[in-house]
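Subject: Structure for you to look at

Hello,

Here is the structure I promised to pass on. Please open it beside this email and follow along.

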Amino acid sequence: MTEASFNVSDFEPVSGAREVQRISRPSLSYWQDAWIRLKANRRALISLYIVIGLLSFTLLGPLLWTVDPAAQDLDQVSQPPGADRGATIVGPFQPWEGATANAQVSGQEGAPAEIRLAEPATTQAVRLLWDPVLDAAGYRVYRNVFPAEEGRALGLPLAEILSPDRVSFEDRLDLEARTYYYSVVALDPIGEEFPDFTSLPVKVIRVITAEQAVERGLAKPGALKPGDQVQLKLHPFGTDYLGRDLLARLMFGAQVSLFIGIVAPMLFVLAGILFGSTAGFLGGRTDQAMMRFADFVVALPFLLFMILFKIAFGIGPGESGILPMLLALVLLSWPATARLVRGQILQIRQEGYISASQLLGAKTYYLVLRHMIPNTMGVILVTLTFAVPSAIFTEAFLSFIGMGVAPPIPSWGSMCNEGIKTMLSHPHELIFPAVFISITVLAFNLLGDGLRDALDARMRSTE
Amino acid sequence: MLAYTLKRLVQGVITVWFIATATFIAMHNVPGDPLSNDKAVSPEIRKNLEEKYGLDKPVMEQYLIYMGNMLEGDFGISFTQQNRRVNDIIREHFPVSAILGILAIVFAALGGILWGALTALYRNKLPDVIIMFLVILGISVPSFVFAALGQLTLVNVNALLGFTLLPVAGWGSVGHMIVPSLVLGLGTMAFLTRLMRSSMLEVVTSDYVRTARSKGLPPTRIFLKHQLRNAVLPVITVLGPSIAAITTGGFVVELVFAIPGLGRYFVQAVQQLDYTVIMGTTVFYGAFLVFMVILVDLIYGWVDPRVRLE
């Protein structure tokens, strides 16, 4: 057995040693890694662009499209997008004498032989004349938007003329540029209708007076004379049932819907973080009591309480109802985040790096700021993204049943509520706000999926 | 198990008591009162009405009377529908909502389980892609939009056929129930499909399925006995929240389709500030939802022995 002998040179590093391990790529922080993953997810990226687009639509839109969302354009009520905007200039309204005839001299039996227009039908007035009916004690005039022949669909009774001699009628009731079907029925002395009726389709052309055109800023004073054509104001998305510009209303509605949809989740997630981290950090009996309280709030029926809250802090005159809704959302929605954050905190407290940090003398605030919060941030961000669509849904639901934002302030939900009433005749008033709600919710859902896959390895979906 | 059930029931009762109290406080905070409407009422009549409804008593006494009546199951008389007891309104109109809701939840559960299983089997193939796209759409579209679109489609289909295939609105026959319950169940179905898909994907790769396959069991048997039965379990856990979603979704669907269910009366009462009806229906709905969630939890513990209830 020989004794081992060492020289100093034996302790020098071996030159040309093979590199066993090497970090071949640049080291990435958590957020850099997440961003790379998110960028690789095409659906999430498109959703992110849509969200950015919606935010600029809401915030920058009103600067570019400066139409007042409450202003009514009564020449264009319930117009779909791309409708004809032409109007003919006419002189101011002139009263009309009408016409009379002696039924016993020139009348024929049954129904008027013919209805005629006294002058071209315009949105200013439709003036009807008809042939008298023998033995008629009066006439009733109807208007419909469908042909009246089939099944006696006479439509809206416009007037009852209780004189046998009067054979004319002037219609000025909410005329729109479309085809109307006027019907005239003779009445007997006790007011019963004759079985026959006469009908006339009338195509009404849109007119405005020169003064109105000037008033609405369509032309300079004196520039127009009767017979000229003008183009009425442009409404790219059409108008609603009160003639309000839909694009402007969608932008202002977006402000309400997105404000509630984004601010409320931020507030309740923040409340949840504070509550949950306090409970998780203190632990013991305090934790038990705090979580029992959270369980209690979770058990409350959410929408019922939203409605109750809304009733209790009802909307006085001039109030929008946005703040009560925001407050109710925050008060009822925080427990989910609180539970999540508490669970995370409890889990992280067990981790080795926390013990290591403590051993090295780290203070509590350092542990919380350096380890706890950054490590829960991913989960919190995902929760936040998924909370946005549900808050938007809640706002839309409440506004739809008339428990949300008070008119005249538009929100997408209340616009749907108004649009559904005219759904059959003017579907665009429902479709636009509905599509905006759906796209927004869709974008936030897909973005949430993408963020979850990018940020949270444990929650990564099985796709 | 018994102790757990009792504990949950006691918690449920406390929650319902809180709901009742909160409703009472909310009603007393409302600006204005139920007797002030557009008709001018002379002070004498007003005084008589206040006496009749007990509004002249101190708030604490009103609260005790209200709680006492509620314990006896008496919700009082409607303010806007003269001489109609709230109990009668609930008794007459809740069954309508219940039928609609049960149909919707059956439809949602069957559809969700079927589509979810299908997407998992055809993972990343065409049926999966199409169904998952529809699911994302179903989750993103609010229930009232579905209701409106359903009604619009029905109108057009009827017009196209030239006869009434299914009635557009109202209630009474089986034909009235189909489209509203489909519409009401769609959102929940989309949600359940997604859940079922991920649960199924987990089961498909599990050891017992591999064992079954290596034993040479027929694929249909594996699918039904091993995969579907185990994958369905998580679906049961979300039935509680689903019932809540369908109950509140019913408010809107009943409104759009003019169905005389309790939801529509509740929304109307809220809009007209009909105090007793709001209080009665809120407490009723609250108790219904709270105990439904408890029931679903108990059922889950019973169905899945791995879950320890405590």
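Below are notes on salt bridges, helix packing and a surface patch.

First, some ground rules. This is a predicted model, in which local features need pLDDT of at least 70 and side-chain atom pairs count only at pLDDT 80 or more, while totals for chains, interfaces and linings use all residues. Residues are numbered from 1 along each chain as its sequence is written, chains are lettered from A and ligands numbered from 1 in the order in which they are written, and side-chain values use heavy atoms, with hydrogens and water left out.

Salt bridges

Over all chains, the structure holds 19 salt bridges (a side-chain nitrogen of Lys or Arg within 4 Å of a carboxyl oxygen of Asp or Glu). One of them joins the side chains of A:Glu418 and A:Arg244, at 3.7 Å from N to O. This pair links distant parts of the chain, 174 residues apart: A:Glu418 is in helix H12 (residues 412-421) of chain A, and A:Arg244 is in the loop between strand E10 (229-231) and H6 of chain A. Helices (H or I, at least four residues) and strands (E, at least two) are DSSP runs, numbered from the N terminus.

Are these two partners buried or exposed? A:Glu418 is buried, with a relative accessible area of 16%, and A:Arg244 is buried as well, at 8%. Here buried means under 20% relative accessible area, exposed means over 50%, and partly exposed is in between (1.4 Å probe, protein chains only).

Another salt bridge brings together the side chains of A:Asp295 and A:Arg339, at 2.6 Å from N to O. A:Asp295 lies in helix H7 (residues 284-299) of chain A and A:Arg339 in helix H9 of chain A, so the pair ties together parts that are 44 residues apart in sequence. A:Asp295 counts as partly exposed at 34% relative accessibility, and A:Arg339 counts as partly exposed at 40%.

In chain B, the side chains of B:Arg8 and B:Asp297 meet in a salt bridge at 2.8 Å, N to O. B:Arg8 sits in helix H1 (residues 2-29) of chain B and B:Asp297 in helix H13 (residues 275-303) of chain B, 289 residues apart. B:Arg8 is buried, with a relative accessible area of 15%, whereas B:Asp297 is partly exposed at 26%.

Back in chain A, a network of salt bridges links A:Glu114, A:Arg116 and A:Asp131.

Helix packing

How do helices H6 and H9 of chain A cross? The axes of H6(A) and helix H9 (residues 322-350) of chain A come within 5 Å and cross at roughly 40°. H6(A) and H9(A) are therefore oblique to each other. Axes are lines fitted to C-alpha atoms, for helices over the stretch in contact, with angles from 0 to 180 degrees between N-to-C directions; under 35 degrees counts as roughly parallel, over 145 as roughly antiparallel, 65 to 115 as roughly perpendicular and the rest as oblique.

Helix H2 (residues 42-59) of chain A packs against helix H6 (residues 246-282) of chain A at an angle of about 120°, with the axes 8 Å apart. That makes H2(A) oblique to H6(A).

Finally, have a look at A:Ile373, which is in helix H11 of chain A. A:Ile373 is partly exposed, with a relative accessible area of 37%.

Happy browsing, and do write back with questions!
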